[in-house]
Amino acid sequence: APVSSSTPASVSTTSTPTATPKQVAVNTPAKTTPPVKKPPASTPAAAAVTAAVVAVPVKVEEPLHQSLLKMEPQSEDEDGDRAGGQGDIQPVGHDYVEEVRNDDGKVIRFHCKLCECSFNDPNAKDMHLKGRRHRLQYKKKVNPELPVEIKPSNRARKLQESKLKKQKQKAVLKRQRDDEQRWHMEMRRYEEDMYWRRMEEEQMYWGEQRRRMGPLPLMSRPGMPVPPLLTCVRRPDSPDDRHIMAKHSTIYPVEEELQAVQRIVSHSERALKLVSDSLLEKEMPQIDHESTGNLTENSARLLKGVMRVGILAKGLLLRGDRNVELILLTAKKPTISLLKSITKQLPKELATFSEDQYEVQAHPEEANIVIVSSKEPKMQVTISLTSPLMREDPAAEKDKQAGGKDPPDLLNKKKCLEYLAALRHAKWFQARANGLQSCVIIIRVLRDLCQRVPTWGKMPSWAMELLVEKVISSAAGPLSPGEAMRRVLECISTGILLQDGPGLMDPCEKEPTDALESMMLQAREDITASAQHALRLLAFRQIHKVLGMESLPASKASARNRKRRRDVSDTGEGEGEGKKDKKEEAGSA
């Protein structure tokens, strides 16, 4: 009787472990306890059945736990391969995956002898056979010719991503810079067109107002000007304005020259960026070997950046200008060996993206590199090397005395400081002078005057820019080109350049510095006398002699205005005669 009652229990319990092993492990002690408490063991078959009931779930439970533990790292390792699209990869090594069965002959898990891992899902088996880990073990132990995709390291992938990101940023910045330059050129032309259009509209407005003007006031005399209208309207352009704008249109660079400058400057900047990248690749292994900290790419760069200075950054190019300037900032103090290294690499980098032929020359005594184009018009870019470390710093001097020494082939310190000052001048001009009305036009005209007249050529260009900005910004309101030119000449004529004058303080220096200190005494007096003579010519309507051009014919508006004045005087005399006749009639009466 106990044998017949225990056999169905054993059959029912042994059939459940594959489906729900945890329930078997919990429920079997409750079912097996009653027979254990019976003192007699009826038959040895019953004891064997009960032992099998207890042993089966233990054997099933252990491999399941091991398979679950082993599946976790395997699934994490192959996540990237699943996402990478395994439809094109053929599974390999079917023979090395064994099927593990229980006592009933049912497959409970799979075991890979190559990878020493287990899994209990047929889908996981297929994914494993296609996975990168299994393929690497198969290549290592079975078939060395099996192609396996090399997975890049995290460091290489991050460097590649950062490089692509910077290339995109550089392309965006270059596009923005080109758009800004194109926009500036269009705005300049638009401003000139609007200026002349505004002049014509104001002339027409004045003509209409004077036609509608009523009779003269009772207390006015013939030839006395009429009181202005209530609405404040700026007077029409004077002959001085027309002469200055005509001269400006003749000295402004043509489109071909502007495109040539833009092309050689953009090529030079791009080549310097490639040179900086190559120097960074050479320095990175040394930095990684010497330093333990994590350094960013920007902190490891030896060449920090390229800045435009001089007439290129200020927008003061004239027709015929062939030389523009760039400043190359370095992280360390620039040396002759660094200058020669850059000069050696520049032609190779220029040839990678440009078909134009360029000649690269190094000038260590001037601390610069010169790039000359071969196409007409031939342009020249002067790349000057400098670093903020060249400034005199008390803390740096102490460190230098403590043990740090400058390299023996250091570039000329005076030249490097001059290049830093040019960088400050360009930033100041863009912030203060570019927005003033007529300021850039007058500086261009005066630059042409300095090139034509040797007397004016002795005046420093930075001092002239400072003077024009001070003169125009101190005016009560915006000035037309003729008024601005007259005001500048008046200021120079008062003796501001003379030795006992107030001088011109340089706003870009910490210490009080006179921008005119490099001028000789005789040059100061000559320029002052020339400005006084030019002011007299302006007073006698001979500005064309100052500008070095032919006199323009009188405009139609000025001729109309002169004719109208004669009509007004005639009408005034007629009214006076009428009054006399009335007085005589009253006296005779």
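Rings of Phe, Tyr and Trp (its six-membered ring) are taken as a pair if their centres lie within 6.5 Å, and a pair counts as stacked with planes under 30 degrees apart, as edge-to-face over 60, and as tilted for the rest. This is a predicted model, in which local features need pLDDT of at least 70, side-chain atom pairs count only at pLDDT 80 or more, and totals for chains, interfaces and linings use all residues. Residues are numbered from 1 along each chain as its sequence is written, and side-chain values use heavy atoms, with hydrogens and water left out.

By this rule, 3 aromatic pairs were counted. One of them joins Tyr 96 and Tyr 138 in an edge-to-face arrangement, at 6.4 Å centre to centre and 75 degrees between the planes. Tyr 96 lies in the loop between helix H4 (79-83) and strand E1 (97-101), and Tyr 138 in helix H6 (residues 132-141), so the pair ties together parts 42 residues apart in sequence. Helices (H or I, at least four residues) and strands (E, at least two) are DSSP runs, numbered from the N terminus. Tyr 96 is partly exposed, at 29% relative accessible area, whereas Tyr 138 is buried at 17%. Buried denotes under 20% relative accessible area, exposed over 50%, and partly exposed in between (1.4 Å probe, protein chains only).

The rings of Trp 428 and Trp 462 also form an edge-to-face pair, with centres 5.4 Å apart and planes at 80 degrees. Trp 428 belongs to helix H14 (residues 413-432) and Trp 462 to helix H17 (residues 461-473), so this pair links parts 34 residues apart in sequence. Both Trp 428 and Trp 462 are buried.
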